Amino acid sequence: MDPKTQLTELAQGYRQSIVLLTACKLGIFAALGRDRRTANDLAAQRKLDPRALETTLLALAAEGILECHDQSFCIAPRYLEILLPDGDQTQSHIFNHNYNCLQRWCRLAEVLRTGQPVPEPADEPEEDSLRDFICGMADISRVASKEVLEKVDLSPFRKMLDLGGGPATAAIEFARQHPQLSCVVFDLPGAIAIAREEILRAGLTDRIETRIGDYYQDEFGQGFDLVYISNIIHSMAPADTDLIARKSQQALLPGGTVMIKEFFLEDDRTSPAAAAYFSINMLVATEGGKSYTLRETREIFRNAGFRDFRSIDLAADSRLLIARNAGTPTGS
Ligand SMILES: C[S@@+](CC[C@H](N)C(=O)[O-])C[C@H]1O[C@@H](n2cnc3c(N)ncnc32)[C@H](O)[C@@H]1O
């Protein structure tokens, strides 16, 4: 692509992104469902302005996301399972979370001037944005957890701690495949409320326990042979990652395993682009979070007493770093 076209596409990328995320957030795809509806009909149901809605639906049709025939619209079949909240590849919750993130990204200039993250947007009840966030994690983690199961043999493990386990997606997927495994999902109260709903729905209350806690303040428990830390350390400043690595080491039995899933950066910190952009997501939302390199993360966990590192590539620019608890933190 020539440089002018490339920059113009980048500069105008917000148009597609905002139209897609707003339609998702306002429940337009969910209201369309698997049917065909006119803009007027949908506007009346969603209490939206008919002209504004029709303009938005036409832009989505221009993108091919909707199909438009005789002034009525439907979701193009290839996007149905992704856009519908109950679709089997749904991304609707993470798109709602992306919409919430967008409010912060729009204030990047302010962050660059102050060095401070943007406060939680006030125009939405906290409970709703938390649900978008936690259920959005499930949209991502459902796919990633299945991939971990394909690439890592979890059959030797008996007791797993899913640290910051959110909606318990990994614990559920892992426990389903491995009847010998029991899990503890450790997270803040709002996430644990959602995790409990999911564990109940999965029929796994006998093997997946929840524990409300703050991983900075509270103990993780003892006697685990596996600690899973998925998409957690990117929200932390380096000093906090040291603390989490040490507490994970203490929670593990000797010889136990830690698995850290992240959007790791290469050593030059410019690729993959998705991880470089993810660092902006942390910049606008957290005090000290960022995308870490694999090498930085290996050092953090080596200093906490882990050895025998290996890494596995996962889809969506993620990687899994796996290490064994050798029981001797550096300096102890
Ligand atoms: C990005 S999500 C990752 C969720 C899950 N591990 C996954 O990969 O889908 C981060 C999780 O960490 C939890 N969390 C954030 N701060 C925490 C804290 N101080 N103590 C415990 N959990 C925390 C959040 O509630 C959220 O569930």
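How far apart do the C-alpha centres of domain 1 and domain 2 lie? I found that they lie 36 Å apart. The assignment gives domain 1 as 3–82 and domain 2 as 140–280 + 287–325, with bounds that come from an automatic or database domain assignment.

Before going on, I note that this is a predicted model, in which local features need pLDDT of at least 70 and side-chain atom pairs count only at pLDDT 80 or more, while totals for chains, interfaces and linings use all residues. Residues are numbered from 1 along each chain as its sequence is written, and side-chain values use heavy atoms, with hydrogens and water left out.

**Entry: the ligand**

I then turned to single atom pairs. A polar side-chain atom of S230 lies 2.6 Å from an oxygen atom of the ligand, and an N or O atom in the side chain of D214 is 3.0 Å from a ligand nitrogen atom. At G166 a polar backbone atom is 3.5 Å from an oxygen atom of the ligand. On its own the ligand has 590 Å² of accessible area, of which the protein covers 88%; such areas come from the Shrake-Rupley method with a 1.4 Å probe.

**Entry: the three-stranded sheet**

I traced an open sheet of 3 strands in the order β1-β3-β2, with antiparallel pairing; two strands pair if DSSP finds at least two bridges between them. Because β1 (37–38) and β2 (66–69) stand at the edges with a single partner strand each, one side of each is left without a neighbour in the sheet. β1 pairs with β3 (residues 72–75) over 2 bridges, and 4 bridges join β2 to β3. Which residue of β3 stands opposite R37? I found F73 there, and C68 also stands opposite F73.

The hairpin of β2 and β3 has 2 residues between the strands, and in it D70 takes a positive phi near 45 degrees. Q71, in the loop between β2 and β3, has a phi near 65 degrees, a positive value in a residue other than glycine. For background I wrote down that most residues other than glycine have a negative phi, and most peptide bonds are trans.

**Entry: a cis peptide bond**

S271 and P272 are joined by a cis peptide bond, with omega about -5 degrees. P272 lies in the loop between β8 (252–262) and α13 (273–285).

**Entry: two side chains**

K25 lies in helix α2 (residues 13–25), and its side chain makes a polar contact with the side chain of N100 at 3.2 Å. A polar contact is a pair of N or O atoms within 3.5 Å; within protein, one must be able to donate a hydrogen and the other to accept it, and residues adjacent in sequence count only if both atoms are side-chain atoms. Leaving out residues up to four places away in sequence, K25 touches N96, Y99, N100, E124 and D132, contact meaning heavy atoms within 4.5 Å.

T210 has its place in strand β6 (residues 208–212), and the side chain of T210 makes a polar contact with that of R196 at 2.9 Å.
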